[in-house]
Amino acid sequence: MRDRSDTLYSPQEALPPDERAAWQLGRLREVLRETRAPAALERAREAGLLDGPCTWERLRTVPVLRKEDLPALQAGRWPLGGWASWERVRRLFRSPGPIFEPEGPGPDYWGCAPVLHAAGFRAGDVVLNSFSYHLTPAAWMVEGGLAVLGAVVIPGGVGNTEIQARAAFELGATGYAGTPSFLAALLERADELRIPLRFEVALVSAEPLPPALRERFEARGIRTQQAYGTADVGMVAYECPHKQGMHLLDRCLVELLDPYTREPVRLGEVGEVVVTLLDPTYPLLRLATGDLSALWADPCPCGRTAPRLQGVLGRVAEAVKVRGVFLYPAQLRAVASRHPEVRRYQFLVRRSADRDELIARLEAAGPQELAERFAQTVREVTGLRAQVEFVPDGTLEDDAPVLVDERRWG
């Protein structure tokens, strides 16, 4: 067994809060000197961030950049809405929206190594990485961090539980990275096949982790911790072994704002997570993620001194995260527009056996194969599988919401 006792990844994790704040603002100044991203420089110049010291007061005069505005901004201006330093870009990804995200240079661009270290991953671990390698950056975030730690990666990607379970067993995987629902499905399939998986640590993200599900994993000897990040900026916060909130990473400045007034909320109050990325490749200034959280600032027994997010408590916008992917009502309207025989429709998100389910309820007069065609269109537009149910005419109201999240977490 490897020594997985909790140690700091770097001394910076234990900086006094005032020193951390000064370092981050100094780093923002360096980023603005290094970057060639025109939109970032324009907004920084308007806020006076290029003419003197970077301060919170000046930064807060920069208009909030809404995540849902990125598709239009990126379509209208190159590179990536004017927010990227093109000469630094090494990879490009595409998320639903569509929103494009760049990866810059460096061995751990997305900031995942400290996250994995806090979760107990160590050099020599063999890790099944079941995040998607297809167009979205989540798998690459984890891969970069594992490489820095000296771990070996099995690039599992999404799906194929039997193949992944067998590969994890045959290659002696000691770690797992991916969504909690896929870990649950993987363990269930391995049990059916009588394959004794030997996971010791797991880093899960992109979905909520209900306490009961974590308890199931840990009852099997799998130390399970969460992380929070976005495709745009990478890792933002992570759990330590005490699991009392998620420590903020120093690689970004984080504010919690009232979604309506745009004023900072008080400590402990719920607000929208707004992130400024401290990297010259894609120096997003005050990106409003749409996620709701609250901050704890009281000391953590682990010795890390960064404030802690109380997890993701909800979404400001109407988008819903399903199986780690944001789903927008506009996408679902686009699906329905391709099937004029569908008179009314509604999409439901439910949770069954620790897995998200997307159900399309249709009022339609058409052959049964319409269900297959409709499901295929959902997959093409959103990247998600959906169950299709036909309901009698009059079941759905004309003004019924397009997307309803029926999941309850606890």
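The second largest pocket of this predicted model holds about 570 Å³ of space. Of the 31 residues that line this pocket, Trp56, Leu248, Val254, Leu295 and Pro307 are the closest to its centre. Strand E11 (252-257) gives the largest share of the lining, six residues. Helix H1 (17-34) and E11 each supply at least two lining residues. Sorted by class, the lining has 19 nonpolar, eight charged and four polar residues.

H1 also takes part in covering another element: it is included in what covers the buried residues of helix H2. In H2 (residues 38-46) the buried residues are Ala39, Ala40, Leu41 and Ala44. Just after H2 comes glycine 48, with a positive phi of about 75 degrees.

**The nine-stranded sheet**

An open sheet of nine strands, with mixed pairing, runs in the order E5-E4-E6-E7-E8-E9-E10-E15-E14. E5 and strand E14 (295-296) stand at the edges with a single partner strand each, so one side of each is left without a neighbour in the sheet.

Strand E4 (residues 126-129) pairs with strand E5 (residues 152-155) in the parallel sense, over four bridges. Leucine 128 has isoleucine 154 of E5 as its bridge partner. Between these two strands the chain passes through helix H6 (residues 138-149), and this β-α-β crossover is right-handed. E4 also pairs with strand E6 (residues 175-178), again in the parallel sense, over three bridges. Here asparagine 129 stands opposite alanine 177 in E6.

How are the faces of E4 covered? In a regular strand, side chains alternate between the two faces of the sheet. In E4, Val126 and Leu128 are on one side and Val127 and Asn129 on the other, and all four residues named are buried.

Valine 204 has glutamine 226 of E8 as its bridge partner.

**Backbone geometry in the loops**

| Residue | Feature | Value | Loop |
|---|---|---|---|
| Proline 79 | cis peptide bond with tryptophan 78 | omega about -5 degrees | between helix H4 (70-76) and strand E2 (91-95) |
| Proline 98 | cis peptide bond with glycine 97 | omega about -5 degrees | between E2 and strand E3 (99-103) |
| Arginine 194 | positive phi | about 60 degrees | between helix H8 (180-193) and E7 |
| Arginine 286 | positive phi | about 60 degrees | between strand E12 (271-277) and strand E13 (287-293) |

Arginine 194 is not a glycine, yet has a positive phi, and arginine 286 is likewise not a glycine. Is each of these arginines buried or exposed? Arginine 194 has a relative accessible area of 78%, and the threshold for exposed is over 50%, so arginine 194 is exposed. Arginine 286 has 4% relative accessibility, and the threshold for buried is under 20%, so arginine 286 counts as buried.

How values were computed:
Residues are numbered from 1 along each chain as its sequence is written. This is a predicted model: local features need pLDDT of at least 70, side-chain atom pairs count only at pLDDT 80 or more; totals for chains, interfaces and linings use all residues. Side-chain values use heavy atoms; hydrogens and water are left out. Buried means under 20% relative accessible area, exposed over 50%, partly exposed in between (1.4 Å probe, protein chains only). Two strands pair if DSSP finds at least two bridges between them. A crossover is right-handed if, with the strands pointing away from the viewer, the path from the first strand over the helix to the second runs clockwise. On a 1 Å grid over the protein atoms alone, a cavity is a set of points where a 1.4 Å probe fits but cannot get out, and a pocket is an open set with protein on both sides within 12 Å along at least five of seven lines; lining residues have an atom within 4 Å of a point. Grid points are joined across faces, edges and corners, and a volume is the space filled by probe spheres set on the points. Ala, Val, Leu, Ile, Met, Phe, Trp, Tyr, Cys and Pro count as nonpolar, Asp, Glu, Lys and Arg as charged, and the others, Gly among them, as polar. Contact means heavy atoms within 4.5 Å.
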